[in-house]
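Subject: Structure for your review

Hello,

Here is the structure you are taking over. My notes on it follow below; please read them with the structure open.

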Amino acid sequence: MGAKGYPYVYGGYDTMIKELGERLVAKGVKVRVYNHRSLFKDRPRFVNGIECIYTPAIESKSLTQLTHTFFSMIHACFSDVDVIFVVNSGNGPFGLIPKLFGKPTAINVDGLEWLRPKWKGMGAKYFKWASKMATKFYDQIINDSDEMRRVYLDLFDKDSKVIAYGANPRESVDSQPIQKWNLESRGYYLIVGRLVPDNNADLIIEGFLKSDSKRKLVVVGDVPFQDEWANRLKNMKDERLLFTGYVTDPNELASLYSHCYAYFHGHEYGGTNPAMLKALGYGCAILALNTPFNQEMLQNGKHGWYFEKNAEAVKDLVEKSEREPEQLESLRANARAGLTKKYNWDYVTDQYLEVFQDLAKK
């Protein structure tokens, strides 16, 4: 519980529930997923062997996710499940409920939510407190990177098990879908992600437009609500800028990744990032913001180049990329080698299953 549901795939957690759930079912595990009732017009009880429970929520920007987990937790505690697995550190306080019922629990806490600009004031305080409560109430804390494990040790004095997020690499992808936007293979740079300040699309756009590149910058993503910051970006006028909005067709998205000249990754807070794994899996040349998380994923520069958090650094990196096409081709050729065993979904599933079996024994 804690994601939007199954087989709904919108974000990283939803993808993990799908990849993990289907593999666990194939191994003979009974899997139940708690779905956000309002997101599902059709509500079959079983989908691909996974049991789906459709629980309600108080529908508002700040309460939907938390109230959905609360109602789901109550339902699960009155059922015969052996282990409860929760995603998102915001659900930390709810770990108290299964403790009262003697139900074993694990939580994947994800990134540094309290540092994200969207959670100002009380929101930031809540996420930091909730993350601390997760370390008190849940039997097993799971982080998806070594750097996040270090953060939890330093901040909360709590060790966690590191299980990375998986990837689905693809060797060859047709370029035909990108013609929808009049794009040519290697004719554009790419950004993929929600249009929120902590992904730094504004910084990348500003630096790119200062450069002398003749290529386009394609921005894939949006926000599901009216937002002044996102609207300011989308209203920028430059013939080199292209905003596609959400791209939900997996073949179109794969084509956009596979045929970009380079992929910009400006995500600032968090562990293993799904968009970065996609970029590695599709063989992109990666230009990433210099953070400890991105250093870990790109093996300290082995599988990408870095820029500092200012527009001038972005401009310089774009111009370096234009001057050194052979170096970018080398990054593309070696990208999939960055997907080591820990990013394999089958290996990820085996690690989770081991955690669940140990908890069930207790």
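**Helix packing**

Helix α4 (residues 122-137) and helix α5 (residues 146-156) have axes that come within 11 Å and cross at roughly 95°. α4 is therefore roughly perpendicular to α5 (65 to 115 degrees counts as roughly perpendicular, under 35 as roughly parallel, over 145 as roughly antiparallel and the rest as oblique). Axes here are lines fitted to C-alpha atoms, for helices over the stretch in contact, and the angles run from 0 to 180 degrees between N-to-C directions. From α4, Lys-128, Ser-131, Lys-132 and Thr-135 meet Tyr-152, Leu-155 and Phe-156 of α5, where contact means heavy atoms within 4.5 Å. By class, the residues of this contact are three nonpolar, two polar and two charged (Ala, Val, Leu, Ile, Met, Phe, Trp, Tyr, Cys and Pro count as nonpolar; Asp, Glu, Lys and Arg as charged; the others, Gly among them, as polar).

Before going further, two points on the source. This is a predicted model, in which local features need pLDDT of at least 70, side-chain atom pairs count only at pLDDT 80 or more, and totals for chains, interfaces and linings use all residues. Residues are numbered from 1 along each chain as its sequence is written, and side-chain values use heavy atoms, with hydrogens and water left out.

Helices (H or I, at least four residues) and strands (E, at least two) are DSSP runs numbered from the N terminus.

On the α1 side the residues are Met-16, Glu-19, Leu-20, Arg-23 and Leu-24; they meet Trp-345, Asp-346, Thr-349, Tyr-352, Leu-353 and Phe-356 in α13. The contact of α1 with α13 has seven nonpolar, one polar and three charged residues.

**Sheets and strands**

Three strands form an open sheet in the order β1-β3-β2, and the pairing is mixed (two strands pair if DSSP finds at least two bridges between them). β1 (32-36) and β2 (46-47) are at the edges with a single partner strand each, so one side of each has no neighbour in the sheet. β1 pairs with β3 (residues 50-55) in the parallel sense over five bridges; Arg-32 has Glu-51 in β3 as its bridge partner. Helix α2 (residues 64-77) lies across β1 and β3 and runs at about 145° to β1.

Another open sheet has four strands in the order β4-β5-β6-β7, with parallel pairing. Its edge strands, β4 (84-87) and β7 (161-162), each pair on one side only. Strand β6 (residues 140-143) and β7 run parallel and are joined by two bridges, and Ile-142 stands opposite Lys-161 in β7.

Strand β8 (residues 188-192) and β9 also run parallel, with five bridges between them. Val-220 in β9 is the bridge partner of Val-192. Four of the five residues of β9 (residues 216-220) are buried, so this strand is largely enclosed by the rest of the structure (buried means under 20% relative accessible area, exposed over 50%, partly exposed in between, with a 1.4 Å probe and protein chains only).

**A buried asparagine**

Asn-294 is in helix α10 (residues 292-297). Its relative accessibility is 3%, so Asn-294 counts as buried. The side chain of Asn-294 reaches the backbone oxygen of His-267 at 3.4 Å. Leaving out residues up to four places away in sequence, Asn-294 touches His-265, His-267, Met-276, Ala-288, Leu-289 and Tyr-306.

**Backbone points to check by eye**

Most residues other than glycine have a negative phi, and most peptide bonds are trans. Asn-48, in the loop between β2 and β3, has a positive phi near 50°. Asn-48 counts as exposed, at 55% relative accessibility. Asn-300 also has a positive phi, of about 55°, and lies in the loop between α10 and β13 (305-307). Asn-300 is exposed, with a relative accessible area of 63%. The peptide bond from Tyr-6 to Pro-7 is cis, with omega near 0°; Pro-7 is in the segment before α1.

Regards

Methods:
Polar contact = N/O pair within 3.5 Å; in protein donor to acceptor, adjacent residues only side chain to side chain.
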